[in-house]
Amino acid sequence: MKKRLNRKGWVLLGSLILIVTVLGAAGLSLGRYYWATAVERSGVVYVPTGASFTQLMDSLRRHEVLRNETAFARMARRHGLDTPLKAGRYELKEGMSYVRTVRMLRLGWQVPVRVTFNNIRTPDRLAGVLARKLEPDSAAWLAALTSDSLARVYGLTPQTILTLCIPNTYEFFWNTSPDTFLQRMRQESDKFWTSRDAKLSRSGLTRQQAYILASIVYEETKRKNEMPRVAGVYVNRLKRGMPLQADPTVKYAVGDFALRRVLNRHLEVDSPYNTYKYPGLPPGPICMPSIDALDGVVDFENHDYLYFCAKDDLSGAHAFARTLAEHNRNAQAYARALNRRGIR
């Protein structure tokens, strides 16, 4: 009877030891998961759309951010990170625990990317800027920015799609799609114009037309104080049915933005952007104008000037004229100044 009790006691003791060992191991594992350091050094990890768990581990390995890759892989699988991953750009900070790191990746807690664009002339240039900051490549961005069907969603054309883009610095998630980008740009555009629509109405221009005109104004002058006056000249010409005859539109049509002098042969280029040949505004903006230029159109000056050209002091300022004769004298003085400097 005594031996039987002893045997039962040993079995019970063994069971207790086993339970304590298992619980201890589980507690150690949980403790490591919740408190132990997983990230040895800070780094940024990109998880592409459709990436596998193996690709994630390869990326973490390349960036050398983990203290123990094997332990992290085991913890990550145990807590569901090997299910479909959420694409994004993730900033891992030195000292982060396993639980915080796994949760960040599993729940998609990515850090936004700051994207700045301004003074961009063509959709392909914008595509390049976006591709350097966000996941889609430049071909995907350009395809979206030149898509007829996508432009129609916003009541625009591929020529006017750029009018959605108000120059500024924005925050986007790294895996933002072109579709989502354009939706955001529509929201930002609406926000920008809502406070300006009442003042814009006196020009008779739509938002898109104001943007196109602002792109011409911006290419004509970088002087903020001149922008409303230059805009006023063009509004006067539009209202009178006069061609704009804006040299920057000719440079855009020719495809040479560095032209210092627009010659007669340039004026003959057959392009809807050549405002010497075709009346009214061009079919789209010739650049992404600054906010100052956009406001210059909204706040255009009421005056009776119909002409302007650069001053002969080559300061970048402009001489404004009411008559063609006065304008011709200003233009001749400017041409003589260029000749004296040997500028062709």
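Among the contacts in this protein that join residues at least 6 apart in sequence, 63% are between residues at least 24 apart, where a contact means heavy atoms within 4.5 Å. What we are looking at is a predicted model, in which local features need a pLDDT of at least 70 and side-chain atom pairs count only at pLDDT 80 or more, while totals for chains, interfaces and linings use all residues. Residues are numbered from 1 along each chain as its sequence is written, and side-chain values use heavy atoms, with hydrogens and water left out.

Let me start with the overall picture. The protein has 15 helices and 6 strands, and these are DSSP runs numbered from the N terminus, helices being H or I with at least four residues and strands being E with at least two. Of its 344 residues, 43% count as buried, and here buried means under 20% relative accessible area, exposed means over 50%, and partly exposed lies in between, with a 1.4 Å probe and protein chains only. The accessible surface comes to about 18500 Å², and carbon and sulfur atoms account for 51% of that; the areas come from the Shrake-Rupley method with a 1.4 Å probe, and for residues only the protein chains shown count as cover.

Now to the interior. A nonpolar core is a set of buried Ala, Val, Leu, Ile, Met, Phe, Trp, Tyr and Cys residues joined through side-chain atoms within 4.5 Å. Which residues of the largest core touch the most other members? They are Phe-117, Leu-126, Phe-181 and Tyr-234, out of 59 residues in that core. Helix α10, residues 207-220, gives the largest share of this core, with 7 residues. If we set aside residues up to four places away in sequence, Leu-126 touches Phe-117, Ile-120, Leu-145, Leu-162, Cys-165 and Met-288. There is also a second, separate core of 25 residues, and Met-57, Leu-81, Leu-92 and Met-96 are included in it.

A pair of aromatic rings is described by the distance of the centres and the angle of the planes. Rings of Phe, Tyr and Trp, the last by its six-membered ring, pair if their centres lie within 6.5 Å, and planes under 30 degrees apart count as stacked, over 60 as edge-to-face and the rest as tilted. By this rule there are 13 aromatic pairs. One of them is formed by Phe-117 and Phe-181, an edge-to-face pair with 6.2 Å from centre to centre and 70 degrees between the planes. This pair links distant parts of the chain, since Phe-117 belongs to strand β3 (residues 113-117) and Phe-181 to helix α8, 64 residues apart. Both Phe-117 and Phe-181 are buried.

Tyr-234 and Phe-308 also make an edge-to-face pair, because their ring centres are 5.7 Å apart and their planes stand at 80 degrees. Here too distant parts of the chain are linked, with Tyr-234 in helix α11 (residues 227-240) and Phe-308 in strand β5 (residues 307-310), 74 residues apart. Tyr-234 has a relative accessible area of 1% and is therefore buried, and Phe-308, at 11%, is buried as well. Ring pairs also join Phe-117, Trp-141, Tyr-170, Phe-172 and Phe-181 into a cluster.

Staying with helix α8, which spans residues 178-194, we find Ser-189 in it. Is Ser-189 buried or exposed? Ser-189 counts as buried, because its relative accessibility is 6%. Not counting residues up to four places away in sequence, Ser-189 touches Thr-163, Leu-164 and Ile-166.

Another helix to point out is α12, residues 247-254, where Pro-248, Thr-249, Val-250 and Tyr-252 are buried. Among the elements that cover the buried residues of α12 are α10 and α13 (264-267). Gly-255 follows α12, and its phi is positive, near 85 degrees.

I will finish with backbone angles in two loops. Most residues other than glycine have a negative phi, and most peptide bonds are trans. Glu-64, however, has a positive phi near 50 degrees, and it lies in the loop between α2 (53-63) and α3 (69-78). Glu-64 counts as exposed, because its relative accessibility is 51%. Leu-314, which is not a glycine either, has a positive phi of about 55 degrees and lies in the loop between β5 and β6 (318-321). With a relative accessibility of 26%, Leu-314 counts as partly exposed.
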